[in-house]
Amino acid sequence: MSMVIRTADLPAAERFDFWRSSVSDTFVPLRAETTRPELFEGRIRGRELGALKVTEVTSTPSVVRRTGALIARSDPGHYKIGVQLNGYCLLTQDGREAALVPGDFTIYDTTRPYTLAFDDSYRQLVLMVPRRLLHLPEDAIARVTATRISGRQGVGALLSAFLVQLADQLDELDDHGGVRLGDNIADLLVTLLAEHMDMSAPTPESRRRALLLRVRAYIERHLDDPDLSPDDIAAAHFVSSRHLYNLFREEGTTVSSWIKERRLEHCRRDLRDPLQLNRPVSAIAARWGFVDAAHFSRLFKAAYGASPREYRVTVSGD
């Protein structure tokens with residue numbers, strides 16, 4: 001379901017007051033300010049893609065603040081990803097500043113104060129992401145809030161191009177594909193953030209965490225390979241298999257267990273996807289590296305309390 005809010009339909013004297021309430025209703029409670037309210041113009045359009053909320057914001061110059069008092073009033077505990085499409089933005093949070101030009105990203109946390117300043121007209125895509133979707137440690141994310149992530153190299157370039165196209169086609173998206181698309185975007189964000197954390201890791205402990213995040217991102221990209229093994233993963237990251245095992249043991253798990261859990265989670269997502277209702281369970285299992293359908297069914301039931309077919313019937317409502 002799409003949503004559009006625009007100030008152009010209102011008398012000039014009422015536009016900014018309407019805007020101020022609209023941004024708080026759309027995101028989280030915020031304090032919006034502008035030096036020329038009588039000249040203000042703005043538009044918000046967005047939609048939900050599963051648990052992910054995607055919103056394009058366009059307006060004339062303004063400042064938006066998230067204060068401690070507003071956080072105390074209401075806080076959904078989400079992360080927000082800002083993708084600059086046009087114009088310039090300065091985000092401040094946790095004592096850092098991120099200056100964004102078109103194509104750049106930044107991440108910020110709704111549980112802590114922040115300020116977004118737009119000195120000129122701008123267009124920005126905002127992703128509201130539940131914390132559980134990112135599969136990343138909160139302390140690691142806290143170290144990279146309000147840092148600029150370039151949209152011109154690496155994974156950032158791929159994701160930037162994809163999200164720019166998404167913003168242009170926001171009104172044309174099919175609701176039935178929203179869950180799958182939202183999950184795919186979340187997975188790309190995890191990969192992007194893991195890459196960024198790796199580059200900003202200054203201490204042995206943070207380097208260890210960054211390596212773990214990089215390994216997890218690598219596993220995500222290769223879950224469809226049934227032959228994916230700890231030895232292959234270790235070699236791809238130029239570490240010994242023993243070092244890799246120790247890395248996961250310190251997290252209270254094993255490499256093989258992590259691979260299994262992530263494969264099962266992707267299968268669970270596909271089984272609840274309305275667009276894949278006619279796809280055989282065995283095909284979904286094979287897509288994520290499970291070559292033995294009976295073995296997959298046993299693992300799935302142990303993890304989720306129902307067989308894959310029972311789970312699909314429950315979530316589809318048939």
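Which residues does Ile-5 touch, not counting residues up to four places away in sequence?

Ile-5 touches Phe-18, Ser-22, Thr-26, Gly-42, Arg-43 and Ile-44, where contact means heavy atoms within 4.5 Å. This is a predicted model, in which local features need pLDDT of at least 70 and side-chain atom pairs count only at pLDDT 80 or more, while totals for chains, interfaces and linings use all residues. Residues are numbered from 1 along each chain as its sequence is written, and side-chain values use heavy atoms, with hydrogens and water left out.

Ile-5 lies in strand β1, residues 2-6; helices (H or I, at least four residues) and strands (E, at least two) are DSSP runs, numbered from the N terminus. With a relative accessible area of 17%, Ile-5 is buried. Buried means under 20% relative accessible area, exposed over 50%, and partly exposed in between, with a 1.4 Å probe and protein chains only. Ile-5 and Arg-45 are 40 residues apart along the chain, and their C-alpha atoms are separated by 6.2 Å.

Helix α9 covers residues 255-271, and its 17 residues should span 24 Å at 1.5 Å a residue. The expected span is 1.5 Å times one less than the number of residues. The end C-alpha atoms of α9 are 25 Å apart, which agrees. Of the 17 residues of α9, 13 are buried, so the helix is largely enclosed by the rest of the structure.

His-266 is found in α9 and is buried, with a relative accessible area of 5%. Leaving aside neighbours within four places in sequence, His-266 is in contact with Asp-187, Glu-220, Leu-223 and Trp-288. The side chains of His-266 and Glu-220 make a polar contact at 2.9 Å. A polar contact is a pair of N or O atoms within 3.5 Å; within protein, one must be able to donate a hydrogen and the other to accept it, and residues adjacent in sequence count only if both atoms are side-chain atoms.

## Cysteines

A search of the whole structure finds zero disulfides, a disulfide being a pair of cysteine sulfur atoms within 2.5 Å. Cys-89 counts as buried, at 0% relative accessibility. Cys-267 also counts as buried, at 0% relative accessibility.
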